[in-house]
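Please read these notes with the structure open beside you, and take the points in order. Each one names a topic and then says what can be found there.

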Amino acid sequence: QVQLVESGGGLVQAGGSLRLSCAASGRIFSINAMGWYRQAPGKQRELVADITSGGATNYADSVKGRFTISRDNAKNTVYLHMNSLKPEDTAVYYCNAPTIATARGPVFGSWGQGTQVTVSS
């Protein structure tokens, strides 16, 4: 059994910063890519950023230059540092790991429970 647990969401004023964390737990051997998605009310879930185990990153155009994704492979944890937040960043943020290698075999499509980020104007 694998779990992804997010933390760090909250309410912040426009221009402020937040850091989200997502820790994977279970009998994990390795995790390739990890990423952050978000879903605003009435909108589809969208990719915010992702990062490979080697550190290669990819960002949505809307967050480039403001958000930074990083990870600690030893802790099976991924972070999202969000700066210069805007009201349009308001959404539930979800952690994702497409494939996790575990003692019981690969686990596909793992998602966290989500953490709310609200940016006030």
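1. The mean positions of the 11 positive and 7 negative charges of the chain lie 6 Å apart. In this count Lys and Arg are positive and Asp and Glu are negative, while His and the chain ends are not counted; the place of a charge is taken as NZ of Lys, CZ of Arg, CG of Asp or CD of Glu.

2. A word on the origin of the values: this is a predicted model, in which local features need pLDDT of at least 70 and side-chain atom pairs count only at pLDDT 80 or more, whereas totals for chains, interfaces and linings use all residues. Residues are numbered from 1 along each chain as its sequence is written, and side-chain values use heavy atoms, with hydrogens and water left out.

3. The chain has 12 strands and 0 helices, where helices (H or I, at least four residues) and strands (E, at least two) are DSSP runs numbered from the N terminus. The radius of gyration of the chain is 14 Å, close to the 14 Å that the globule rule gives for 121 residues, so the chain is as compact as a globular protein of that length. That radius is taken over C-alpha atoms, and the globule rule is 2.2 Å times the number of residues to the power 0.38. Along its principal axes, the C-alpha trace spans about 45 × 25 × 20 Å.

4. Of the 121 residues of the chain, 40% count as buried; buried means under 20% relative accessible area, exposed means over 50%, and partly exposed lies in between (1.4 Å probe, protein chains only). The accessible surface of the chain comes to about 6400 Å², and 48% of this surface belongs to carbon and sulfur atoms. These areas come from the Shrake-Rupley method with a 1.4 Å probe, and for residues only the protein chains shown count as cover. Among contacts (heavy atoms within 4.5 Å) between residues at least 6 apart in sequence, 56% join residues at least 24 apart.

5. Strand β5 (residues 34-39) pairs with strand β6 (residues 46-51) in the antiparallel sense over 5 bridges; two strands are said to pair if DSSP finds at least two bridges between them. Gly-35 has Asp-50 in β6 as its bridge partner. The hairpin of β5 and β6 has 6 residues between the strands, and Gly-42 in this hairpin takes a positive phi near 80 degrees.

6. Ala-40 is found in the loop between β5 and β6, and this residue is buried, with a relative accessible area of 18%. Leaving aside neighbours within four places in sequence, Ala-40 is in contact with Thr-90 and Ala-91. The C-alpha atoms of Ala-40 and Thr-68, which are 28 residues apart along the chain, are separated by 20 Å.

7. Strand β6 is also joined to strand β7 (residues 57-59), by 3 bridges, and these two strands run antiparallel. Here Asp-50 stands opposite Asn-58 in β7. The hairpin that β6 and β7 form has 5 residues between the strands, and Gly-55 in the turn has a positive phi of about 100 degrees.

8. Leu-47 lies in strand β6 and counts as partly exposed, at 26% relative accessibility. Leaving aside neighbours within four places in sequence, Leu-47 is in contact with Trp-36, Tyr-37, Asn-58 and Ala-60. Between the C-alpha atoms of Leu-47 and Ala-33, 14 residues apart along the chain, the separation is 13 Å.

9. Which residues make up the covered face of strand β8, and which the uncovered one? In β8 (residues 67-72) the covered face holds Phe-67, Ile-69 and Arg-71, while Thr-68, Ser-70 and Asp-72 form the uncovered face. Strand β8 is joined by 6 bridges to strand β9 (residues 77-82), and the two run antiparallel; Asp-72 has Thr-77 in β9 as its bridge partner.

10. Most residues other than glycine have a negative phi. Asn-76, although not a glycine, has a positive phi of about 50 degrees. This residue sits in the loop between β8 and β9, in a hairpin with 4 residues between the strands, and Asn-76 is buried, with a relative accessible area of 18%.

11. Ser-84 is not a glycine and has a positive phi of about 50 degrees. The residue lies in the loop between β9 and β10 (91-102), and at 40% relative accessibility Ser-84 counts as partly exposed.
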